[in-house]
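Welcome, and thanks for taking a look.

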Amino acid sequence: MRGSLGLLYNRAKIGLLLLLFGISGCNTLKKVGEDELLLTKNSIFVDDEKVTDSEIKGLIGQKPNSSVLGYPLRLNLYNLAKENPDSSFNDWLHRKEKREQRLNNLLSEKQVNRLRESFLVKGSSEFLKRIGEPPAVIDTAKTNKSVERLEAYYNTKGYFNSAASYEIVEGKREKRAELHYKVNLSKPYIVDSLQKNIASPELDSIYKLSAKRSYVKQGEQFDLDKFTLERERLTTLFRNSGVYNFQESSINYDILRDTTLGADDQLLDVQLNIKKFRSSANGVDTTTNYKVARIKKINIYADYDIFGEADSLQVLEYDNYNIYYSKKLRYKPKALTDAVFFTKDSIYRDLDRLRTYRQITNLNTFKYPNIDFIPDSTQTELVSNIYLAAKPKYSLNMNFDITHSNIQQVGTAFSTSVITRNVFGGAETLNISARGSIGLLSDASLSNETFTSEIGGDVNITFPRIWFPFKTERIIPYYMLPQTRLLAGTNFQRNIGLDKQSLNSVLSYNWSPTTRHKNNLELLNVEFVRNVNPDNFYNVYRNTFSNLDDIADQFKGDAQYEQYFRTNDDGDQFLEIPDGANLFVRDVLDGNLSVASDELDEVNSIEERRKRLTENNLIFATNFSHTKNSKSDINDLDFYQYRIKVESAGGMLALIANVVPYNKNDSRQNLVFGVPFSQYVKTEFDYIRHWRVGESQVIAFRSFAGMAIPYGNSNSIPFVRSYFAGGSNDNRAWNAYELGPGKTMNVNDFNEANLKLAFNLEYRFPLVGDLKGALFADAGNIWNVFDNENNPDAIFSGIDSLADIALGNGFGLRYDFTYFVFRLDLGFKTFNPGKVGSDRWFDGYNFKNSTFNIGINYPF
């Protein structure tokens with residue numbers, strides 16, 4: 001089997017090399033005609049100054065062929081395709097006498113004809129054309145169109161006398177040329193005066209109150225974009241001031257130039273026109289003045305059925321709302337009315353309508369609602385009908401995943417959840433979920449078994465409001481989409497690490513002040529972590545055990561110390577796990593065994609780590625996080641995002657200790673339920689920035705800084721709340737938990753610390769079709785600070801420690817499946833702080849020592 005896989009692997013490498021040689025040897029000008037020129041670059045000069053603005057460059061219709069690091073990959077793939085594959089096949093078939101006859105005898109004439117139509121002959125050329133890109137030959141028709149676009153663009157900026165042209169600049173290399181576009185702007189036109197002609201008196205009054213906020217100002221240069229913004233501003237203003245039926249098409253501008261002032265005059269007179277409302281009832285156009293309308297009546301149709309009988313509905317009047325329902329009202333009236341942001345006798349506001357849509361959707365109980373506004377004959381009073389169609393009371397979700405990690409060779413995971421909506425009649429959502437997984441260990445020495453398993457479950461209930469003893473509507477109104485979440489869950493891991501069981505409960509609140517800002521407050525996050533199999537510590541942390549066993553070498557072979565060791569089949573002695581290793585450590589620390597001072601420090605460090613990683617953890621934490629994302633939509637490739645998080649654990653329990661005395665352990669730590677509670681403060685800052693640098697090309701940057709400081713009842717951070725470095729979403733040249741802390745190198749199998757810095761830079765570019773490529777550089781490390789670590793190589797001691805930041809570089813492939821992105825990354829250790837001197841740089845910089853990562857979606 002291994003031989004077959006090796007043969008396939010070698011054939012794949014040979015095939016890839018042949019493809020690369022074919023592409024590299026391809027003539028870029030192969031399909032460029034004798035009288036044609038391949039476009040290599042576009043340049044735009046405005047008044048002799050080069051323009052780099054992406055908006056202006058986007059006006060150019062014809063662009064050079066795309067490239068990957070300067071290499072026209074897609075063009076050369078296209079060049080590999082044969083223009084007439086049928087003719088090429090026939091030429092080959094008849095090149096030698098009797099070849100066709102022999103092939104017909106071997107395959108049959110019918111099969112030969114099929115071969116001619118097959119993928120290998122014809123389909124491969126079609127495939128190469130589809131994923132490739134034809135040569136960008138300079139087309140003067142497209143170039144003239146680009147000139148027209150440039151003139152039109154600068155006309156919108158007030159340069160009505162601008163003139164554009166182009167020049168073909170042939171390059172030094174044959175049949176290649178650049179296009180230089182030149183624009184002469186001349187003098188811009190200025191808005192000299194502003195007048196208004198508003199048909200409706202009510203609109204005129206509303207306009208006067210906000211005229212100073214107009215985007216179009218006297219004395220400023222003419223800019224058509226500002227006129228567009230002003231039309232949008234006025235439409236929003238009127239529709240939020242009671243004019244529910246205002247149409248943006250009612251707004252136009254008259255722009256006049258006084259010709260009596262001479263040809264050199266660049267002044268414009270602008271008049272704003274807002275016409276009457278135009279309707280087309282019964283096919284006849286009518287015009288009426290716009291009027292401010294108020295809400296006269298609000299009807300809410302709960303459990304609306306489009307096919308139901310309206311006459312059979314019952315009605316409940318509640319707080320000036322009419323709630324219609326059939327048979328029995330399944331919702332608390334307040335839960336429905338709190339989601340509606342317009343009230344009786346209030347003026348109509350478009351903002352209230354949008355907020356109502358959002359909050360009803362936030363209830364997660366109804367489908368997207370339908371809201372109608374019906375005017376009376378005077379157009380000043382509105383009846384609002386809100387139709388709510390309920391989602392199913394129950395729904396079942398199931399998921400199945402295949403996973404891979406540095407611990408598991410392969411794993412399978414499944415999860416299922418049952419969702420119950422409107423549990424208590426207030427649009428609450430109850431989610432009961434269960435999950436499980438099983439996986440094959442990468443290293444059987446990590447456990448007594450070869451498989452890992454995990455099982456867990458959660459009970460999660462969400463309230464579409466802030467659930468608190470005091471009213472919070474003034475601080476967090478309903479339009480901020482507030483939610484309260486109560487969660488209780490448990491998780492049990494077996495045959496991995498120390499076998500952990502965790503119990504956790506969360507009381508959290510989240511709300512969104514705007515569409516781009518989100519806040520989350522976990523008022524209470526309680527987690528209890530129990531290590532079920534602490535005796536397996538030295539089996540899991542093999543490097544730690546190896547260091548301890550090396551110290552014990554000096555006592556091996558002596559009969560008086562045989563209680564520490566076991567002998568394997570080869571006659572080699574090792575510390576016995578766990579009793580022998582634990583007894584050896586205790587005797588060294590008690591002074592019963594004499595070792596060198598540095599070895600004593602090492603044994604002490606190992607024992608402190610063992611205690612910390614095998615002790616049970618009880619975490620009572622509160623945290624707050626704020627996130628802002630400037631991304632406007634899914635296609636926005638130029639945006640930023642940041643997240644700030646602050647967490648405190650154990651502070652409240654420490655205050656209670658002044659009133660209620662706790663039991664204490666030998667280390668004088670306060671115990672709750674027999675477990676020392678963790679006490680620390682933790683803060684994090686995560687910043688992401690994306691720049692669009694070309695057609696579907698992006699430079700993505702991320703920086704992360706986090707620090708957790710233990711105090712009071714703790715001298716270290718719980719493992720579950722500490723930081724690690726490496727992995728598919730971090731520094732991809734190292735596996736997860738493999739990097740750091742500081743300049744240490746693989747001191748432990750799962751390295752962690754309480755300070756982390758990380759920086760990532762990635763250039764993303766299209767390759768062929770939905771396949772994309774990436775080049776990346778990852779930098780960062782973890783350190784210990786303000787805790788009980790005494791290894792100077794692992795401690796952050798100031799600016800000098802920044803010299804221990806690791807650097808990894810690499811490349812990757814991404815395939816876009818629309819709903820998710822499948823990612824493969826290959827990382828190389830460019831700078832390894834764990835090594836010494838020149839060995840730090842580019843040591844093991846080859847494919848054999850690279851790190852392969854598989855991921856889903858982009859890392860940032």
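Where is the place of Pro578? Pro578 sits in the loop between β23 (573-575) and α15. Please keep in mind that this is a predicted model.

Pro741 belongs to the loop between β30 and β31. As background, most peptide bonds are trans.

## The chain as a whole

Stepping back, the chain contains 17 helices and 35 strands. Of its 860 residues, 43% are buried. If you take the contacts between residues at least 6 apart in sequence, 63% of them join residues at least 24 apart.

## Aromatic pairs

How many aromatic pairs does the structure hold? The count is 42. In one of them, the ring centres of Tyr564 and Phe584 are 5.6 Å apart and the planes meet at 80 degrees, so this pair is edge-to-face. The pair links distant parts of the chain, with its members 20 residues apart: Tyr564 is in the loop between α14 (542-551) and β22 (565-567), while Phe584 is in helix α15 (residues 579-589). Both Tyr564 and Phe584 are buried.

For a stacked example, turn to Phe719 and Tyr737, with 6.0 Å centre to centre and 10 degrees between the planes. This pair also links distant parts of the chain, 18 residues apart, with Phe719 and Tyr737 each in the loop between β30 (697-710) and β31 (755-768). Phe719 has 18% relative accessibility, so it counts as buried.

Which residues do ring pairs link into a cluster? They are Phe811, Phe828, Phe831, Trp841, Phe842, Tyr845 and Phe847.

Lys756 lies over the face of Phe724, at 5.7 Å from the ring centre. Lys829 lies over the face of Trp734, and here the value is 5.3 Å from the ring centre.

## Two packed helices

Two packed helices are described by the angle between their axes and the distance between the axes. Helix α9 (residues 201-210) and helix α10 (residues 224-239) pack at an angle of about 115 degrees, and their axes are 11 Å apart. Is the crossing of α9 and α10 left-handed or right-handed? The crossing is right-handed.

## Positive phi at two aspartates

Most residues other than glycine have a negative phi. Asp48, though not a glycine, has a positive phi of about 70 degrees. Its place is in the loop between β1 (38-46) and β2 (49-50). Is Asp48 buried or exposed? With a relative accessible area of 73%, Asp48 is exposed.

Asp345 has a positive phi as well, near 75 degrees. You will find Asp345 in the loop between α11 (333-337) and α12 (350-362).

How values were computed
Residues numbered from 1 in each chain as written. Predicted model: local features only at pLDDT ≥ 70, side-chain atom pairs only at ≥ 80, totals over all residues. Heavy atoms only, no water. Helix = DSSP H or I, 4+ residues; strand = E, 2+ residues; numbered from the N terminus. Buried < 20%, exposed > 50% of the residue type's maximum accessible area, 1.4 Å probe, protein only. Contact = heavy atoms within 4.5 Å. Phe/Tyr/Trp six-rings, centres within 6.5 Å; stacked < 30°, edge-to-face > 60°. Lys NZ or Arg CZ within 6 Å of the ring centre and 35° of its normal. Axes fitted to C-alpha atoms, helices over the stretch in contact; angles between N-to-C directions. Left-handed = near helix turned anticlockwise from the far one by under 90°.
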